[in-house]
Amino acid sequence: MPEEHSERKGMSGGKLSRRAVIGAAAALAGAGLWGRGARAQGQGTLPGAIKSQDGLLTVELDAGLRPVTVAGQLVQLFAYGGRVPGPRLELKAGDTLRLRFVNRLKEPTNLHFHGLHVSPSGNADNIFLEVPPGATQDYEFQIPADHPAGTFWYHPHLHGLVAKQVFLGLSGLLIVRGALDEIPEVAAANEAFAVLKDFAIQGGQVPPPAPMDTVQGREGPVVTVNGKARERFVVPRGGLLRLRLLNASSSRFYHLRLENHPLYLIATDGGALSEPVELDTLLLAPGERAEVLIRGDRNPGSYRLLDLGYDRGVAGMGAFGGTRQAGTRVLAEIVYGEARRPALPLPERLLPVVPLENPVRTRRFVLGHGMQMGRGMVFMINGRIFSPQRVDTSVRLGEVEEWEIVNAGVMDHPFHLHTNPFQIVSRNGYPETVRAWKDVVLVRRGERVRIRVAFKDFPGKTVYHCHILDHEDLGMMGIIEFREGGV
Ligand code: C2O
Ligand code: CU
Ligand code: CU
């Protein structure tokens, strides 16, 4: 496979070449009049958060191999704007994102805006674009005025290289602000972000995966929050912390619990719930987001945010099985800060989650795997591995569909659909109790999950796939086409 080959090549050349630095400087000189927003200064570093102004966010963002500190170690990583995680982009519904992307990697890449309801075509959220090494690609789209507020993200999406490039550090938050941010108790909460990401580090570099690692989905033993081994968040005494979580890992799951505190879920992948839901633990599969409120109503002190561990079906497999089911580990600390008076209550109501109408069509997607001559283990949907030449699913805009997703394999698969968010209807026949907007749904081994989705607004083609990114790269992806109705 050419992908495999380029993967090895990219991994071995650890240090940044002089030519790449000069190339970057030349690219910057040519950037000229571009933008009035933030801009990468050659091999410089962008600010941690970049916000839209007057309805527009203009940014020049590069991807490059850079030395970055994660978990206290200096590592050669793939970084957006010099950062891992990449800069947080913040916009309001109705704003336009104008992003000049410069590929300073030695391999092709591209960008995907995960969870956004925007066009999948042209130079919007088009994952079929390919940005060759050294090339520049302008992305531009408007976030619809009625787009839900929520926690979204961007990452590369070039088939065959996605797991590697995300694993090496490419991902960043994309925040859409709106009604959820204006609910008084939410607005008054301390806001914090937590990008959950694991790394493998060896001699200041990320070592290439063993073949079995890609089949299982690569994981690294260094687990970080915002690139830190022990991130700290502050909850005001008597107040609220709004923690916005993203699982940006290629394959690792996080099974979260906060010592002595329940988590109050207020938003999922696609935005707000109708009211907070009290949780003891929260499982986040790759690609999933969750927003939780934490109440500072216990004895002031420091409490650990734990990952309890989770077996996603790989514990018994291969030589590295043992690391996959690690017991409890500490991800971060929540410390009590100054008192808030009067104390801040939880919000009673959030935003309505309108149920989707009855479907006009149902479909079935069976997730599975098998061996293929010359390729080894392949991952499939309905018996087929991904082909860029084939439209697997053709839907009509304006219609609601119900999809049954069946996991016939031995590993869990988080199923992800681009462009249109969905609602989970049932799991193994049991109705889902909380109505929520999702774009990733975990389908455990042996499970069958029904989701409902309304196809709206945007004609064009995009994909659905397993968000264990190695599985996507190994074929567990299909193309969906949104066609204008009435035919
Ligand atoms: Cu986050 Cu198609 O991906
Ligand atoms: Cu996506
Ligand atoms: Cu999978």
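These legends accompany a set of close-up views of a predicted model.

Local features were taken where pLDDT is at least 70 and side-chain atom pairs at pLDDT 80 or more, while totals for chains, interfaces and linings use all residues. Residues are numbered from 1 along each chain as its sequence is written, chains are lettered from A and ligands numbered from 1 in the order in which they are written, and side-chain values use heavy atoms, with hydrogens and water left out.

**View 1**
Strand 6 covers residues 96–103; strands here are DSSP runs of E with at least two residues, numbered from the N terminus. Seven of its eight residues are buried, so strand 6 is largely enclosed by the rest of the structure. For the burial terms, a 1.4 Å probe and protein chains only are used: buried is under 20% relative accessible area, exposed is over 50%, and partly exposed is in between. Strands count as paired if DSSP finds at least two bridges between them. Strand 3 (residues 56–70) runs parallel to strand 6 and is joined to it by eight bridges; look for valine 59 opposite leucine 99. Strand 8 (residues 136–142) runs antiparallel to strand 6, with seven bridges between them. Here arginine 98 has glutamate 140 of strand 8 as its bridge partner.

**View 1. The copper ion listed as ligand 3.**
Three protein donors lie 2.0 to 2.1 Å from this copper ion: ND1 of His413, SG of Cys466 and ND1 of His471. Donors are N, O and S atoms within 2.8 Å of the metal (3.2 Å for Na, K and Ca), and water is not among the atoms, so sites may look incomplete. Along the sequence, the donor residues follow the spacing H-x52-C-x4-H. Histidine 413 belongs to strand 26 (residues 413–417) and cysteine 466 to strand 31 (residues 460–466), so this pair ties together parts that are 53 residues apart in sequence. Are these two residues buried or exposed? Histidine 413 is buried, with a relative accessible area of 0%, and cysteine 466 is buried at 2%.

**View 2. The copper ion listed as ligand 2.**
Here the protein donors are NE2 of His112 and NE2 of His416, lying 1.9 Å from the copper ion. Histidine 112 sits in strand 7 (residues 112–114) and histidine 416 in strand 26, so the pair ties together parts that are 304 residues apart in sequence. Histidine 112 is buried at 0% relative accessibility, and histidine 416 is buried at 0% too.

How many aromatic pairs does the structure hold? There are 14, a pair being rings of Phe, Tyr and Trp (its six-membered ring) with centres within 6.5 Å; planes under 30 degrees apart count as stacked, over 60 as edge-to-face and the rest as tilted. One of the pairs is tyrosine 80 with tyrosine 154, which is tilted, at 5.2 Å centre to centre and 45 degrees between the planes. Tyrosine 80 comes from strand 4 (residues 73–80) and tyrosine 154 from strand 9 (residues 150–155), linking distant parts of the chain that are 74 residues apart. Both tyrosine 80 and tyrosine 154 are buried. Elsewhere, Phe365, Trp403, Phe415, Phe455, Tyr464 and Phe482 form one aromatic cluster.

The whole structure has 44 salt bridges, each a side-chain nitrogen of Lys or Arg within 4 Å of a carboxyl oxygen of Asp or Glu. Aspartate 439 and arginine 289 form one of them, with their closest N and O atoms 2.8 Å apart. This pair links distant parts of the chain, 150 residues apart: aspartate 439 is in the loop between strand 28 (430–431) and strand 29 (440–443), and arginine 289 is in strand 19 (residues 289–295). Both aspartate 439 and arginine 289 are buried.

Glutamate 402 forms a salt bridge with arginine 450, at 2.7 Å between the closest N and O atoms. Glutamate 402 lies in strand 25 (residues 400–407) and arginine 450 in strand 30 (residues 448–454), so the pair ties together parts that are 48 residues apart in sequence. Glutamate 402 is buried at 7% relative accessibility, whereas arginine 450 is partly exposed at 24%.

**View 3. A salt-bridge network.**
Arg88, Glu90, Arg177, Asp181, Glu191, Arg242, Arg244 and Glu291 are linked in a network of salt bridges.

Technical notes. Helices (H or I, at least four residues) and strands (E, at least two) are DSSP runs, numbered from the N terminus.
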